[in-house]
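Thanks for joining, everyone. I would like to walk you through one model today, going from its domains to the contact between its chains and then to a sheet.

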Protein chains: 2
Amino acid sequence: MASQRGFGAGGPTLADVGESGLLARLLGGRLVSAPGLLLGPGDDAALWQPPAGRVLVLTQDALVEGVDFRRDWTSPHLLGRRALALSLSDLAAMGAEPAWCLVALCAPGDTPLADVEALHDGLQAMAAEHGCAIVGGDVSAIDGPLVLDVVAGGTVVAERALRRDAGTVGDVLAVTGELGRAAAGLRLLRDPALAAGIDPAVVDGWRSAQLDPVPRLAEGRALAEHGVRCAGDLSDGLLVDAGRTAAASGCGAELWRDALPVGGALRTAFPADWPALALGGGEDFELLAAAPAAVLDGWPSALAPLRVVGRLVEGGGVTLRSCDGGEVLALPAVASRHFGS
Amino acid sequence: MASQRGFGAGGPTLADVGESGLLARLLGGRLVSAPGLLLGPGDDAALWQPPAGRVLVLTQDALVEGVDFRRDWTSPHLLGRRALALSLSDLAAMGAEPAWCLVALCAPGDTPLADVEALHDGLQAMAAEHGCAIVGGDVSAIDGPLVLDVVAGGTVVAERALRRDAGTVGDVLAVTGELGRAAAGLRLLRDPALAAGIDPAVVDGWRSAQLDPVPRLAEGRALAEHGVRCAGDLSDGLLVDAGRTAAASGCGAELWRDALPVGGALRTAFPADWPALALGGGEDFELLAAAPAAVLDGWPSALAPLRVVGRLVEGGGVTLRSCDGGEVLALPAVASRHFGS
């Protein structure tokens with residue numbers, strides 16, 4: 001990650017090369033190919049043949065400079081990767097296979113062309129890693145922050161789609177991977193002094209979790225194949241997303257603090273705050289599934305581990321307990337980055 | 001049009017109601033239904049069953065305040081309508097039937113909630129008029145201009161799709177409707193004093209052409225049904241778009257000034273400039289088709305008229321003549337609003 005060049009390359013800017021010059025550089029000589037793609041970028045619209053027997057999965061995520069990222073924290077390449085990873089995480093949360101994406105970039109005229117090319121390379125790399133093709137998009141000038149808006153389409157067998165409203169009272173709640181790493185990374189980006197005394201490789205891992213998240217596509221497909229019907233991703237953190245899944249399913253959610261999958265280094269570095277980071281931080285882009293406990297048996301060891309962290313219960317809202325049957329604890333405060341609530 | 005309330009409503013702002021409050025207001029109690037829609041807004045992604053025997057048509061258009069619109073020229077309702085109309089025009093240019101759209105809105109925290117609700121109403125109205133459903137989207141704070149980014153999906157029978165690369169030397173070039181009206185409207189919005197002495201109803205019509213364009217969906221489908229295989233929309237003006245279609249088809253384009261469909265009032269109001277407005281103005285969102293002349297016979301009178309304005313020729317580039325076989329004229333200068341070229 002450290003090897004990626006940051007923003008602020010030299011050379012010509014977007015205003016120097018113009019809209020047509022930018023598009024020529026991004027599309028020039030590049031044949032976009034993907035299963036079912038009949039017509040790629042360059043016409044009024046793309047043409048794509050959906051595979052038989054599957055339904056389309058559609059999601060959109062906008063990243064705004066100053067709200068979702070800062071140029072001095074990341075690189076154009078990582079920003080491109082992250083923008084698409086967020087949409088791919090939504091596809092993962094539906095158990096879907098990625099197919100295509102469209103990307104709109106709004107950038108000031110003084111943006112270096114090389115920055116936009118590096119951003120596009122990052123998008124391409126993430127797309128290629130997950131069998132997704134960039135089939136169209138738009139570029140616009142803006143007198144303000146960078147905006148990168150991605151729409152991704154995937155496919156799934158309709159009856160296997162993972163939905164937030166398919167949970168039932170008694171289902172266990174299980175999460176993939178570890179929690180709190182992206183939130184810890186964000187805290188260290190905001191206040192680099194906090195990194196003092198922590199193993200640099202660990203710090204780098206947390207920053208990567210924030211800046212270069214991995215969409216859990218294989219895990220989403222495995223959940224669907226295991227017979228799970230209810231899941232979502234943890235874009236807004238476990239508290240918010242467990243509450244959303246529970247509400248959609250007409251239940252309440254109970255979470256168990258001592259069951260949260262939080263690494264030892266994170267507990268040591270944030271001895272008081274690790275539950276808040278794990279429950280409220282968001283952006284880990286792990287998956288949260290709700291299913292009868294037996295359905296989760298035999299989870300493939302090659303995938304990110306799946307761990308039970310709570311249960312869907314009668315009623316509404318989210319309750320935090322120390323453990324299954326343990327004392328009720330206060331919920332940590334959670335803030336949205338959008339409009340302050 | 002004049003009855004639409006402008007930007008700057010009173011009442012609570014987005015920062016007052018927060019992200020969850022905004023989403024509750026936009027989605028609250030609203031069941032989105034559309035053919036094939038299995039799951040609408042509210043989950044990680046939407047689920048949609050494509051109709052058998054058709055392929056998907058995908059397009060994206062971002063509108064940025066200060067570049068593509070100004071708040072003091074339009075209303076939130078018209079802005080919502082226009083944002084979707086641009087994407088629907090791309091679908092029209094492929095001969096497609098609209099199906100669904102996703103919309104991302106980036107807005108500052110001090111934006112009145114009522115403005116965003118009016119914008120959403122405008123999107124809904126345009127969607128409903130054309131059989132399109134808003135199946136998902138995203139909202140984000142931004143410290144800067146409003147950004148509205150729309151991705152629309154439609155369907156078409158693959159062999160009937162209108163493509164820019166399907167023209168042949170000898171095809172006539174034909175456009176729907178009239179040209180230059182949206183560009184005249186933009187000029188009057190920029191310099192209201194120019195309206196002096198022009199019939200107010202005419203002025204209102206030109207402003208409407210700029211602020212509330214009509215996607216030519218019925219005309220696009222009729223072109224496809226007539227056997228036309230090559231078309232595009234005039235988002236960037238006839239000169240640019242004829243050049244784009246000709247280049248994609250490996251030809252040059254010849255345009256005939258005296259054949260341009262430009263209204264009498266526009267010729268009178270801009271006696272020197274009407275060819276520049278008609279050729280370079282853009283944003284009329286009319287369609288440009290290339291086809292053997294005989295294919296255009298029997299054009300339905302209920303649709304916008306289709307008029308021959310030139311021909312695809314050997315070679316490359318765009319040539320302007322006074323008429324078929326007439327003298328070669330100088331091309332008017334054309335400027336992109338993005339990055340100045």
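How many residues of domain 1 of chain A are in contact with residues of domain 2 of chain A? Before I answer, please keep in mind that this is a predicted model, in which local features need pLDDT of at least 70 and side-chain atom pairs count only at pLDDT 80 or more, while totals for chains, interfaces and linings use all residues. Residues are numbered from 1 along each chain as its sequence is written, and chains are lettered from A, with ligands numbered from 1, in the order in which they are written.

The answer is that 16 residues of domain 1 of chain A are in contact with 18 residues of domain 2 of chain A, where contact means that the C-beta atoms, placed from the backbone, lie within 7 Å. On the domain 1 side, the largest share, 9 residues, comes from helix 2 of chain A, residues 76-92; helices (H or I, at least four residues) and strands (E, at least two) are DSSP runs, numbered from the N terminus. As for the bounds, which come from an automatic or database domain assignment, domain 1 of chain A covers 14-159 and domain 2 covers 172-329, and the centres of the two, taken over C-alpha atoms, are separated by 27 Å.

Turning to the two chains, the contact takes 60 residues from chain B and 60 residues from chain A. On the chain B side, strand 3 of chain B, residues 55-64, gives the most, with 9 residues.

Within chain A, by contrast, strand 4 (residues 97-107) and strand 5 run parallel, joined by 8 bridges, and A:Cys101 stands opposite A:Ile134 in strand 5 of chain A.

Terms used
Two strands pair if DSSP finds at least two bridges between them.
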